[in-house]
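Please look through the sequence and the model before reading on.

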Amino acid sequence: MRRTVVVTGASSGIGLAAAVALAGAGDDVVLLGRDPRRLADAVARVREAGGRTPASYRADFAVLDEVRSAGAAIAAGHERIDVLANNAGLLTSVRRPTADGNDATMQINHLGGFLLTHLLLDRLRAAATPEAPARIVTTSSVAEAWGTLDVDRPGRRQLSRWLAYGASKQANILMTVEAARRWTGLGIVPTCFFPGLVRSGFGRQSPAFSLARFAPGLFRSSEQGADTLVWLATDPEALLPGGYFAGRAPFTATGRSTDPARAQRLWQSSLAAIGGHR
């Protein structure tokens with residue numbers, strides 16, 4: 001049976017590269033992106049790679065109601081989901097909160113994916129078998145080391161875009177830790193990874209980050225950055241619940257990002273921030 005793989009942030013960068021690779025390997029890929037034009041281009045790329053037109057959905061993770069609508073549509077259109085790749089993310093201004101009242105980076109990089117995961121949980125459970133667990137793969141970063149995350153108020157305003165980004169990446173790992181505790185028994189294996197520094201549209205609002213892209217050997221291609229995501233989505237050896245990886249190998253995160261007590265507190269506050277869920 002062909003697997004169904006949902007990829008968020010699929011219209012560019014490592015999300016698109018992973019979608020192309022997974023479609024080429026025979027998976028039915030479901031694309032979720034923000035920009036309609038780029039999403040249409042991604043559909044064409046994935047169709048060329050896999051030989052069939054992928055389903056695609058548009059949502060801006062800065063608006064939780066759009067995530068809810070997209071999640072409902074995906075759940076209605078797909079009886080089972082074998083893999084959910086929570087890859088949507090960006091580095092953006094901290095000047096204005098979202099319409100939901102949260103720091104924009106935290107909502108887009110953590111709360112939106114957290115909400116979508118809950119909306120698709122039944123479909124992940126439907127796909128899970130003892131021989132082939134369902135998988136949740138989340139894109140994190142070494143930026144978690146400098147994040148200023150208040151696990152009891154994840155949506156609070158941050159002082160700078162880089163502190164906000166680091167906080168969101170801490171949240172990605174903590175969510176993975178707690179999801180593993182809650183859902184491994186249901187046949188769902190959550191993992192996360194650091195893709196390395198990737199030469200893509202990410203970070204274009206940061207002059208320093210944009211300049212660093214020209215440093216020789218420092219940045220990787222989108223395909224190289226997506227390699228660990230694809231591996232975590234497919235390889236039996238990657239089924240390590242709560243694991244954090246880079247370069248297809250276990251990677252060490254700071255204690256703040258792996259503390260089970262912090263993970264549980266963040267889970268509860270994140271539920272409150274998205275308006276509650278099961």
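In this report, helices are DSSP runs of H or I with at least four residues, strands are DSSP runs of E with at least two, and both are numbered from the N terminus. The model itself is predicted.

**The sheet and its strands**

In what order do the strands of the open sheet stand? The sheet has eight strands in the order S3-S2-S1-S4-S5-S6-S7-S8, and the pairing is mixed. S3 (55-58) and S8 are the edge strands; each has a single partner strand, so one side of each is left without a neighbour in the sheet. Two helices that pack on this sheet may be described next. Helix H3 (residues 64-77) touches S1, S2 and S3, and its direction makes about 160 degrees with that of S3. Helix H8 touches S4 (83-86), S5, S6 and S7, and makes about 160 degrees with the direction of S5.

Strands of a sheet pair through backbone hydrogen bonds, and the pairing is either parallel or antiparallel.

| Strand pair | Sense | Bridges |
|---|---|---|
| S1 and S2 | parallel | five bridges |
| S5 and S6 | parallel | six bridges |
| S7 and S8 | antiparallel | two bridges |

Individual residues illustrate these pairs. Val5 has Val29 of S2 as its bridge partner. Ile136 stands opposite Pro190 in S6, and Ala246 stands opposite Ala249 in S8.

In a regular strand the side chains alternate between the two faces of the sheet. S1 can be read in this way: Thr4, Val6 and Thr8 point one way, while Val5 and Val7 point the other way. Five of the five residues of S1 are buried. S6 is likewise covered on both faces, with Ile188, Pro190 and Cys192 buried on one side and Val189, Thr191 and Phe193 buried on the other. Because six of its six residues are buried, S6 is largely enclosed by the rest of the structure.

**Helix H1 and its surroundings**

H1 covers residues 13-24 and has 12 residues. From its first C-alpha to its last, H1 reaches 17 Å, which is close to the 16 Å expected at 1.5 Å a residue. How many of the residues of H1 are buried? Nine of the 12 are, and H1 is therefore described as mostly covered, where buried means under 20% relative accessible area. Among the buried residues are Ile14, Leu16, Val20 and Leu22. The elements that cover them include the strands S1 (4-8), S2 (28-33), S5 (134-139) and S6 (188-193), together with the helices H2 (36-50) and H8 (222-234). Just after H1, Gly26 takes a positive phi of about 110 degrees.

Most residues other than glycine have a negative phi. Arg248 is found in the loop between S7 (244-246) and S8 (249-250). Is Arg248 buried or partly exposed? With a relative accessible area of 41%, Arg248 is partly exposed.

**Two helices that cross**

Two packed helices are described by the angle between their axes and the distance between the axes. For helix H4 (residues 104-119) and helix H10 (residues 260-273), the angle is about 85 degrees and the axes are 10 Å apart. This angle makes H4 roughly perpendicular to H10. On the side of H4 the contact is made by His110, Leu111, Phe114 and His118, and on the side of H10 by Leu266, Trp267, Ser270, Leu271 and Ala273. By class, six of the residues in this contact are nonpolar, three are polar and none is charged.

Ile81 lies in the loop between H3 and S4, and Ala127 lies in helix H5 (residues 121-127). Ile81 counts as buried because its relative accessibility is 0%; Ala127, at 2%, also counts as buried. Which residues does Ile81 touch beyond four places in sequence? They are Thr4, Val6, Ile74, Leu120, Arg123, Leu124, Ala127 and Ala134. Ala127, leaving aside its neighbours within four places, is in contact with Arg80, Ile81, Asp82 and Ala132.

The C-alpha atoms of Ala127 and Val83 are 8.8 Å apart, although 44 residues separate them along the chain. Ile81 and Glu66 are 15 residues apart along the chain, and their C-alpha atoms are separated by 20 Å.

Conventions:
Residues are numbered from 1 along each chain as its sequence is written. This is a predicted model: local features need pLDDT of at least 70, side-chain atom pairs count only at pLDDT 80 or more; totals for chains, interfaces and linings use all residues. Side-chain values use heavy atoms; hydrogens and water are left out. The expected span of a helix is 1.5 Å times one less than its number of residues. Buried means under 20% relative accessible area, exposed over 50%, partly exposed in between (1.4 Å probe, protein chains only). Contact means heavy atoms within 4.5 Å. Axes are lines fitted to C-alpha atoms, for helices over the stretch in contact, and angles run from 0 to 180 degrees between N-to-C directions. Angles under 35 degrees count as roughly parallel, over 145 as roughly antiparallel, 65 to 115 as roughly perpendicular and the rest as oblique. Ala, Val, Leu, Ile, Met, Phe, Trp, Tyr, Cys and Pro count as nonpolar, Asp, Glu, Lys and Arg as charged, and the others, Gly among them, as polar. Two strands pair if DSSP finds at least two bridges between them.
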